[in-house]
Structure formats: C-alpha cells, structure tokens
Amino acid sequence: MSIDSSDEMIADKAKEKMKRAGIDTSTLHFRLYKKSIDARNKADIRFECAVLTEGELLNKALDEKILSRCQARVLHEEDPTLVFGKQPMSAAPVVVGMGPAGLFAALLLAQNGYAPILIDRGGSIAERAADVTRFRNEGILNTESNVQFGAGGAGTFSDGKLITRINDSLCNYVLKSLVAFGAPEDIKVKAKPHIGTDILRVVVDNILHEIERLGGRVIYHCRMDGIAESADKTLSVKTTQGDLLAGALLLAPGHSARDTYRYLIEQNYAIEAKPMSVGARVEHLQADIDRALYGDFAGHPNLGPAEYALSDTKGERGVYTFCMCPGGEVVAAASEEGGLVVNGMSYHARNNPNANAAVAVSVRCEDYEKEKGSVPLGAIAFQRRIERAAFLAGGKDYCAPIMTMQDFLGDRHTHARGRVTPSYRDGKVREADFGQVFPSFITDSLRYGFRSFGQKIKGFDAPDTILTAAETRTSAPVRILRNKETMTAVGHPLIYPCGEGAGYAGGITSAAVDGLRAAMALMSTKAPIKENQ
C-alpha cells in the first residue's frame, strides 16, 4: 500500500479482496492488524499491512481455497491459560525486581488472588526520574536508584522498544496489557512497536498501583541481600527493610544486580557464565539516517524517523546494532561508583536531532578470566574492567569518553568534531583513546563492523559520527539455571528465576513473557492465598 494510505483505506482494500473471493462482507468488521515499512526500493517506499477480519459468519464462509485466494490465514490469539494448584501457601509469594519480568509476574499473581509482595532496591518512578536527572546534571550517582535499578527496571529509561524474536502466544497479551495501562494503541499494530520513556513511566506506575489495588504490596528501596530456606517449605528473604516470609520467591533481579549474582554464586546456586556483547554508542544526525534509508521520502509524516538493525557475522566476531533509538539521546547508565556505562533512550515523539544505537561485539565465555575460581564471577569482572577503564578515560567525573569515527577508524587523535553534537549528559564528554577502554579484539571488531555497516547505510561511517563508550549492559553476563518443566532454580523448588537478569530474556516483551510463564508455573502448583484464609 502507498505510504499515503490511511488505516481506513488499508482496511477497505482487504474488504475488497475478500469480496472478489466471493465472501459476503456485509456483516464483517475489518481493522488494521499489523503495519510495517518496506523501504527496499527508495523510489517506491510502501506499507506492508495485515488486516484483521472478524464476524459471526466468518468461520462458515471460509475454507482453505478461499483463504489461499485472499492471501489470508486463521489467527489464533489466546490469553494465558491458567491452572491453579492445590498446595496451600503458608505466606505470600515475594517477587524480587520491578522490571518487566517481575512487574508482569506480580500483576498476574495479584489478579488471581496470590497477594504478592513486590520489592526493588530502587525508587519509585518519580524518585528514579529525580535521581537520573541529578546524575545527568550534577554527576551525583545514587547506586541504588538509577537507570538500572527501580520501578520498571532498565527498560524504563530506554526507547521502550517492544520488538522481540520469540514466538510466544503471550506476546500479544503483553501488548494488550500495556495498552490497557496507558500505552498507545498503535503498539498492537506496528511491526516495530515502541512506547517511549515518557509514556512507559506512566504505564509502569499504573501497573504498580493496580497490583496494590488488588491486594499486593509494593516496597521500594528494599534490596534482597539473602535467602534462607526452612524445612517447613517457606523462605525468609533477607532485605534492607527486614526479613520477609515467602511462600515462594520469583527472582527477577535485572541484568545489573551483580551483588545478587555474587551472593548466589557464593551460596553454590547453579549459575553459568553466558556469552554477551559490549561496544559503544554511535550517534548520527537523524536527518542523515532518514535520507540514507528513505531517500526523497525522508520527512514524510507517515514514515516517522527512520530506524535500522544491522549485523555482520563474517568477521572473527559477530558485530551488530542493538537498541537503536531514533531521535533519542545517549544516557548515563552507571550503577556503580567508579564505572561508566552508556545506554540509549527516546521519548515517544522521537524528535531529538540525533539517532543513536549500540554497536556491540560478541564476547565468548572463553574471553573471561576466572575470578576466585569462578567463570561467572569472571564474566562480571570482564564488564566491570571495561566500565572502570571508561570512567578513567572520561576523566573520573562521569564525563564519557568519545571519539569521532574519523579518529577511531584512522587510529588517531585529532579531536576535531563535526556536525554531530554528543548528547550524553548535554555534552559532558571528553575525547579519549578507546584502546585504553576496550580489549583489542573489541576495537578491531568495531572497526570491522563500522566499515561493513557503512557499505549498508550510506554515511554510517561518516567522519563526524560520534562514538561514546562504554556499552556493557546489553544482557546478563550469567544465567541462573532452572528446571525446564517447573521453571524453579536447580535444587531450590520454591525459587523461580526469570527475566533478563536470570539469563532467559532479552528486552521488554520477552522479559515480561518469561515473568508471566514463571508466575503461571508457580500458580500451577500453589493455591491462591485467598483460598488459604
């Protein structure tokens, strides 16, 4: 369909196609279901669309031949199928972590009478926003409440991207739930949906209020410091606000909870190191990306700012772009004193002048050096070394180290900037040598990747492109092993590791789905709290 087509025009096109196939459409309802941009031919950019048709007589009218003629298929979308166990719970379940996994797990539990206790080491949305703003403006870091920790998890201060590669029936349920709590309706339609950090904060707050309204408890500034398992099949969760009795524990700590990882490793939980990736943020003018991808259609109101996803696996290491933020900014994402981390963020409007994305290099488990005999601890140490090197390279005051593409690819230090203004902390950056930040295999692979991507998108490797280090929190460095069927931690039948921090998801939607699956696994064995009273 032409990019000038309205949603109504797209639905009418589908209606006409069904009419030509011999179907009576007089009682059917048509609405846009999915829409994506096909920009492969810049001379004729078009929408690729799917239209949903609903009606009482529809099933009687369709057969395989008609479906084929209409280029149609039957769609099956289901809400979670809940099974409730009979085992009584001696105490409410405790959910650790308010990121997507913990948030959706607690919501489902609350909706079904389990009265969960949801805790997070960080602050509320309002408190986090104040802490993030203070760090951005003054360089004062709150290590317990920041871009990584607090209500909504790390995704709250991101683009709010909802793209996922998993094929799970619960993905659409997550999207519908987000809309119900304030997200834009179009996330159910767009092939690359996003919410934006400004709206996502409202959505998270609304979900937390709903959990409380349904009988759950939400406790901020409550860090889990230990777990004691009793013979009576209860848990005592040690926290900074005292011990919490728990009938079960859903552990969704987020990918930056390094002290939690260390505690579990030292307590001999089954944990393994996993591959991850590290790299730098790349910033271009959004207008340049629009022209490179949309040609003469750049700026068309129905297209919005252009976005990309690039990868190259032909070199010694895989290199790929991650969390591309059109019209966004590079944010200060540190959570430890003496370490510097960057991430990307966009508001819903995506109307800032720069586009940014992580360009990340694959890191293998054999790249980690053991720490105290532990490879998982070595994985964490690998991240930390890069973050501390970035902190030093930036001047030890949370200014970020940057290089222009010209300097990085030429391995020189002219410090000559061009048209692109660094967005990190409104320009609190310093020119540096990335060779002092990353191992050589990272810098070598980044150079290879930038040159490769420059052949795919004109201007991607333009001389005045800004690179900001270091992006180290693309995923969890470890995985908390769990039983496939029960989703409980190996050797710990009352503990359910879930989400990105446990090593089982990558992004808002997949983490939310994993949290829902963990809650459903718990519910399948345990009776709701209200039935025990």
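Which helices and which strand are among what covers the buried residues of H6? They include strand S1 (29-38) and helices H4 (100-111), H7 (197-213) and H13 (508-523).

## Basis

This is a predicted model, where local features need pLDDT of at least 70, side-chain atom pairs count only at pLDDT 80 or more, and totals for chains, interfaces and linings use all residues. Residues are numbered from 1 along each chain as its sequence is written, and side-chain values use heavy atoms, without hydrogens or water.

## Helix H6

Helix H6 spans residues 170-180. Among the buried residues are Leu170, Cys171, Tyr173 and Val179. Helices are DSSP runs of H or I, at least four residues; strands are runs of E, at least two. Just after H6, Gly182 takes a positive phi of about 120°.

## H4 against H13

The axes of H4 and H13 (lines fitted to C-alpha atoms over the stretch in contact) come within 7 Å. They cross at roughly 40°.

Contact means heavy atoms within 4.5 Å. In H4, Phe104 and Leu108 are among the residues that meet H13. Ala512, Leu516 and Met523 are among those on the H13 side. By class, this contact has 14 nonpolar, one polar and no charged residues. Here Ala, Val, Leu, Ile, Met, Phe, Trp, Tyr, Cys and Pro count as nonpolar, Asp, Glu, Lys and Arg as charged, and the others as polar.

Methods: Buried means under 20% relative accessible area, exposed over 50%, partly exposed in between (1.4 Å probe, protein chains only). Axes are lines fitted to C-alpha atoms, for helices over the stretch in contact, and angles run from 0 to 180 degrees between N-to-C directions.
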